[in-house]
Amino acid sequence: MPEVVSLNIICFDVPLPADYGGAIEEFYKLKSLYRLGVKIHLHCFVYGERKPQPELEKYCEKIFYYERKRRLKDIFTDTPFVVKSRKSEDLLRNLLSNDFPILFDATHTTGFISHPAIRHRKKIVRLHNIEWMYYSVLFHSAITLKERIFYFTEYKKLRRYDKNLVFADVLSCLSITDTEYYKDKFPNKEVSFENVFHQNETVECLPGKGDYLLYHGNLSILDNYMLVIDLLNHELKDCRYPVVLAGKKPDELLLDFVKDKPNIRIVSDPSDADLKKLIQGAHICLALAANPSGVKLKLINSLYSGRFVFVNDNALHGNELSGGTVNISENFNSATIGDYMQKTFTEEDIGKRKDRLYGIFDNLKNAEQLLNRIVN
């Protein structure tokens, strides 16, 4: 393990509560680096419901909070709005108050990466997505004209802005496909792959059987609730087993769609503990994704705590999972579900799950690898 170091980490928001994918990656990466003895100087942006969190003081030497300035005029600049709105002069001033390496968490935080005042500093960018591709997906999913215009202009800006990543010393990716893309784009740059950070430490699946299917995710996001509605209209249309939909802020369209379906139950805004119980109690977890960007934490959580897991190609995109670890069935139907509902999840299945997951998603191992990139 490398020697203890001090490190600036710039998060694109406040990483607590760790209640969605980006915040989970941020918080558990920070926590894992702290466990390795890193002295963290945290810089993060407050906006909306993301407020200062005293709990972060357990893991950080210093914490700096900045207002994310979401000004209308900044939408019309050449810099992507997600970057421009986080370009705080106070941030630059605080970065210059020490000489520690800088970890930029996601493209959003890289507004000063090309600044001459930090040219000599060790700079690492942790990439959550190929952002311009992600915003292209958002554009094609958007419904309102306002959303479509915003996502399209961000996509175009982010595609041009991507070249600024050349100013990083290291690009750390969390998916294999992103790693391959950036190695090809920057052949002379150090591009590494460190798996996504997550909240699971041990496999806690329960042997035996459950009596329901579970889909969990943020149910206020268009891609998620439209995927669920499509499932209920097609693959799950004739399903005779109970289906539980659990997640944040279910959209009214989804609530209205399921209100007359007696075998569908919605659990709104479950706590982490309640969601874990739902995953453990399910017989089948539907870890399906509408688009292939990033790595799907719902899949990782299902594998650590659930029994049988159904996925599609979008959910598997860019990670190292395949074969016996998950049950891949893009075109599953009532008959397939019926077959699996008769199976028993065994201690042997749990052992195989442990063997596979512990070799891939070990937070401390991934943090140590990332730290080696930072100090070497």
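Begin by selecting helix α5 (residues 145-161), which supplies the largest share of a positive surface patch, 3 residues; helices are DSSP runs of H or I with at least four residues, and strands are runs of E with at least two. The model is predicted: local features need pLDDT of at least 70, side-chain atom pairs count only at pLDDT 80 or more, and totals for chains, interfaces and linings use all residues. Residues are numbered from 1 along each chain as its sequence is written, and side-chain values use heavy atoms, without hydrogens and water.

Next, display the whole patch: Lys156, Arg159, Arg160, Lys163 and Lys185. Patch members have over 30% relative accessible area and no salt bridge, with like charges joined within 9 Å; a salt bridge places a side-chain nitrogen of Lys or Arg within 4 Å of a carboxyl oxygen of Asp or Glu. Lys163 is found in the loop between α5 and β6 (170-173). Lys163 counts as exposed because its relative accessibility is 55%, the cut-off for exposed being over 50% and for buried under 20% (1.4 Å probe, protein chains only).

Select Phe45 and Tyr66, a tilted pair at 5.6 Å centre to centre and 40 degrees between the planes. Phe45 belongs to strand β2 (residues 39-46) and Tyr66 to strand β3 (residues 62-67), 21 residues apart. Phe45 and Tyr66 are both buried.

Finally, select Trp132 and Tyr155, whose ring centres are 6.2 Å apart with planes at 40 degrees, so this pair is tilted. Trp132 and Tyr155 are buried.

Definitions and conventions:
Patches are made of residues with over 30% relative accessible area and no salt bridge: like charges are joined within 9 Å, nonpolar side chains (Val, Leu, Ile, Met, Phe, Trp, Tyr) within 5 Å. Accessible areas come from the Shrake-Rupley method with a 1.4 Å probe; for residues, only the protein chains shown count as cover. Lys and Arg count as positive and Asp and Glu as negative; His and the chain ends are not counted. The place of a charge is taken as NZ of Lys, CZ of Arg, CG of Asp or CD of Glu. Rings of Phe, Tyr and Trp (its six-membered ring) pair if their centres lie within 6.5 Å; planes under 30 degrees apart count as stacked, over 60 as edge-to-face and the rest as tilted.
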